[in-house]
Structures are given as structure tokens and as C-alpha cells.
There are 2 protein chains.
Amino acid sequence: MIELEQLQHLITFQECETLSKAAKQLHISQPVLTRSMQKLEEELEVSLFTRTKNKISFNETGLLAASLASRLLEDTKDMKKQLQDFERKLHTFAIGSCAPAPLLYMGQKVSQYYPQKALLTEIKDMSILMKGLKEKDYIIIIMPYNIEDYDIESIPFMEEQLFFSLPLSHRFANRKSISLKEMDGERMLLMSNIGFWHEMHQRTMPHTKFIIQNDRSIFYDLVELSSLPSFTSDYVMKTETMPQNRHIIPIEDKEAKATFYCWYLKENEIKLKSLLYHL
Amino acid sequence: MIELEQLQHLITFQECETLSKAAKQLHISQPVLTRSMQKLEEELEVSLFTRTKNKISFNETGLLAASLASRLLEDTKDMKKQLQDFERKLHTFAIGSCAPAPLLYMGQKVSQYYPQKALLTEIKDMSILMKGLKEKDYIIIIMPYNIEDYDIESIPFMEEQLFFSLPLSHRFANRKSISLKEMDGERMLLMSNIGFWHEMHQRTMPHTKFIIQNDRSIFYDLVELSSLPSFTSDYVMKTETMPQNRHIIPIEDKEAKATFYCWYLKENEIKLKSLLYHL
DNA sequence: ATGACTTACGTCTAACGTAACAATG
DNA sequence: CATTGTTACGTTAGACGTAAGTCAT
């Protein structure tokens, strides 16, 4: 049987044009290459080179062999990579989500019930999540609506309600509730990477200038120190310390309340049962 | 670098289900297989099996690896075959022809001017010849008509005239010439594998019952011993001894005369120049 | 005379098989 | 206890590099 190493020798020889240079590049002695090429010809049962006493060069068959060898070596590299990717996927619990809060919640549950697995969490657009679920890039995705599908199971597992977080001096600071429209037109602080909420804010508050901050601690500093309104939610308030200098006002619109559903392929139900049981 | 031998071990193990049986089938000792599989895992940097103290079986990654390995081994076999075919082609002078006479003539010339090459000669339908020329299965094809083409050169090199070969007692035995139509309706002797002539006979003499013989010596015996009419040609009469008990009568129709053209790809002109010069 | 490839030769690695071991059913 | 897979160990084949040989520029 031919060896992949011989094929590697062949294409290195082609690149270097002489056996001597190829030997240097391969960190082997030059006679090894002579023998390697001789053996390759024997095993393929074809002649690959034209030889004179001190010159060896590719013949037509040799050129074809080199191009085929190159493809074959690529394929083996692909094979290795494919196997490694496959194995990593086997040991990774990948969740995609449309929003941060349910992702944090779900991430906790997963690391609790599947502690041996690596955890991969991503916030992505919903179209990408759908695609990723079907192509098994994610074992679970978190979506803000239900689905009826032959392959996909969908179960609700948490709700999130948004609030306005207003400085005490704000003109609405003492209201019982506010609508999104009423607040539209000011400047507001906003975290980045908040998934589908971002699209919701832009749609329902088109005249608002959002000052987007991607560092969470700086965001909290700004909430504390500036007089800019911002958003918060019931989930955030349960898990983080509440700002002292703020009034928290419920948002009236239905868009400010989301129910999150955990979607997974039905074929994975068994794998997921210990998690699903505890949601 | 992984070795193809290891991949062969892998799929043999999969077929045999235990290392021991696989070792027998591979004619190696069983510890060799243990080590081979361990090394394969190391080199791929993935785990392929689940092991207990005296049991080893494929895990999911291993199953994927086996299927990929199988494809890869197929590819190497294909590579070897492809190279051998290519080399054979390089050393073969392949001619396809629509008729036997020009093929004999051309074959002689080729073995004269390219004695180092193997000679492959075939009589085939003209559509197959065209295809074979374009796909380089033939370096030359012999056709009964001319062509004007960007890629193909065509040069006339011989003519062949058919005659009726009649027993002395035949009613037309003393004619100066005969038409095909006049002879239509009798039984006639015919060689098989005569290329496009066969189609011509059937078209121009639809009522004739042809008794087809594929052994040339038996054909000549029958010509000598039977009273059945047959065909011959100027080329055949030049190269073979003429039958004594026959009258040779020219055929009037233009279909009974062919001019043969040698077609080849223009890109091969240089390779063929010594032959073409002597046609 | 320098650099190319092949062949010859002595060394030593690493792959092999046997044997011993451990576990299962 | 028969069978399976892994580990230990001694042997040897074969792959390596050095050196020598031959040819070309």
C-alpha cells in the first residue's frame, strides 16, 4: 500500500524542482527521497519520472500523479479536521438565543445538569437561530414565540417584562406606568448585544437616540451617574443589584413583555430530558 | 502523518467487529491492531472508541471516521488505476475506423513509424469514433468523408472500390458491371465487423439475405466452395490471393466507392508528423 | 569543481510477534 | 475457561544517514 508520506514527498519534490532542495525542506537526507520516489513508482506500478545519470524530472504521468496526490492529501487533512469538529460538537452544548436574559438562565441550567459538557452560548438573529437549529449547530435555541412543527418541539420556560429606569428628576419619574410612544424622542442608554429587543426598540421608538454601550460595568456606571433614561427588566432586577437613584416604571405596551420558548429537534428529546424536566 | 494502512485496519475492524478477528483477516498479530488503533487516535487527535477492559467498540466519531476512511481508501485505489490507465494511453497508438481496409493500411504505417508504441485498432460506429476522438480515446480515426472543423484536421489517404465476387455459373458472371439494385434479393456471403459497409449493404440491398461469417478463413473457404455471391474490393485483392473460381465484377453505384479520411485533433499534429508525412 | 542523483553500507529505531496479564460472561 | 483487549519484552526487518560513485555543467 502506498503511504501518504510518499505523496507528500512527491509534491514537495514538485515544488522544489530537485530532490536535494526537497530533502532540505523535508528535513531528511537526499537518498531517502530517491528511495521514496522509487518505491512510489513500484507501488503505483507506473513510471513517474525521466531520469538521466544526474537529473530526475517529472514525466506526464508524474505530473498527473502530483496533482492527484495533492488532492488526496487535502482530503486527509479535511478528514482530520472534520473528525475533530465532530468530536468537539459531541462534547459541546450549544445554545442560541434571541435575547440575553433567557440565555443566562438556560446557561445556568445546562451547566448544572450537563457539567461535563462545554457550553457555547450565542445571541443571534432569529433567522440564523432557525438555520442553526436545523443544521444542528445548536442543540437548543431560545425564541420569543411558539412554533408547531413536525421536527421541532417548543416549550415556554420564562417571561421577561421590560421597565423604564428613570432618574428621579425625570418628568415621568412618578408615573405608575408609561408607554413606549410617550418616551419616544429622548436620548436613552442601551446595552449592545441584546438580541431581538434591539429591533423592538428601534421599531417602537423611532425618534429616540440610543447611546449604545457594550461594556456592562460601564453601562451600570452610566446608569448611576448620568441622567439618561434606560431600560431594565424583572429578570435583570432579580439578578443584579438595583440602582438607588432610579425610579422603575412599568412599560404598558405588550411589546415590552416577552415569553421565551425553548426550541429543540424532537430527535434530541432523550438527550435533553434531564434538562427539560427541570425547566 | 496518518498512514493509509491504519485506515485499512480501521475499516477491517469495523467489518470484523472484534480486533482478534480483524487481525486474522489482515494476517497480523492482534497486539499490532491494538497499537495501530491507538496510534490512529493519537494522530487524528480524537477518540474513536469506547473501551472497557476486554471490549473495544466504535463511538460516534469512530463510525464517522470509518466512513471517511473508506472513501479515502477508494480514492487512493482510483488514483492508482487512473495513473495506470493514463500511462497505458501514453504508450498506445489508438486508431478507430469505420471500415477494415483503411484500418489495416493505417495500422501497418503506424507500426512502421511508431514501433515502440502499442497499437490499438477498433472498428466502431462513426458516432462513437467522433466521440472517441474528442475524448482522446483515439489519436486518429478513419472516416469515409471530409470535415471542416476548428479542432480537427482531416486528410484523405486512400480509396476503396467494392466489387461483386460471383461464381462462374452466376447469371451475371460475364457482365462488365452490375448495380447493387440488380443483385438485390439473392443470398450473399458477408464478413462481419466491416464497419459502415454493413449499413450500406442493408440500405442499398434491403431484400438480400446476408449470411454473416465472422471467421475470415472460414469466409474464404466458403467463397471457394460455395456458389454464393460475395463482395470484395480493390484493397482486398491487392493484399490477399484472389479466388480462382470467381468472376470479379465492378459495382456501378457511387456507394460502392469510398474515400477514407484520416481525422486527428490539430493539437496532435506535431506528434503525428512522421506518420502524416508518409501517408 | 560544484552540484546533481543513485548505490553501498553500517547503525539503530521502531514495528513485529510471543507471552504474560486482566477482565468478562 | 474460553475469549477479548492491553501491556511487556526480546528480536529483527527495514529505514535512516554517511559516504562513495558517476555524471553533467
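1. Which helices and strands each supply at least two residues of the surface near DNA strand D? They are helix H3 (30-44) of chain A and, from chain B, helix H2 (19-26), helix H3 (30-44) and strand S2 (55-58). Here "near" means that a residue has a heavy atom within 4 Å of the strand. Helices (H or I, at least four residues) and strands (E, at least two) are DSSP runs, numbered from the N terminus.

2. A word on the model: it is predicted, local features need pLDDT of at least 70, side-chain atom pairs count only at pLDDT 80 or more, and totals for chains, interfaces and linings use all residues. Residues are numbered from 1 along each chain as its sequence is written, chains are lettered from A and ligands numbered from 1 in the order in which they are written, and side-chain values use heavy atoms, leaving out hydrogens and water.

3. Now look around DNA strand D, where there are 20 residues, with A:Ser29, A:Val32, B:Ser20, B:Gln30 and B:Arg51 coming nearest.

4. Phosphate oxygens of DNA strand D lie 2.8 Å from a side-chain N or O atom of A:Ser29, 3.0 Å from a polar side-chain atom of A:Lys39 and 2.7 Å from one of B:Arg51.

5. Finally, in chain B, strands S3 (residues 92-97) and S4 (residues 118-123) run parallel, joined by six bridges; strands pair if DSSP finds at least two bridges between them. B:Ile95 stands opposite B:Thr121 in S4(B).

Note on methods
A polar contact is a pair of N or O atoms within 3.5 Å; within protein, one must be able to donate a hydrogen and the other to accept it, and residues adjacent in sequence count only if both atoms are side-chain atoms.
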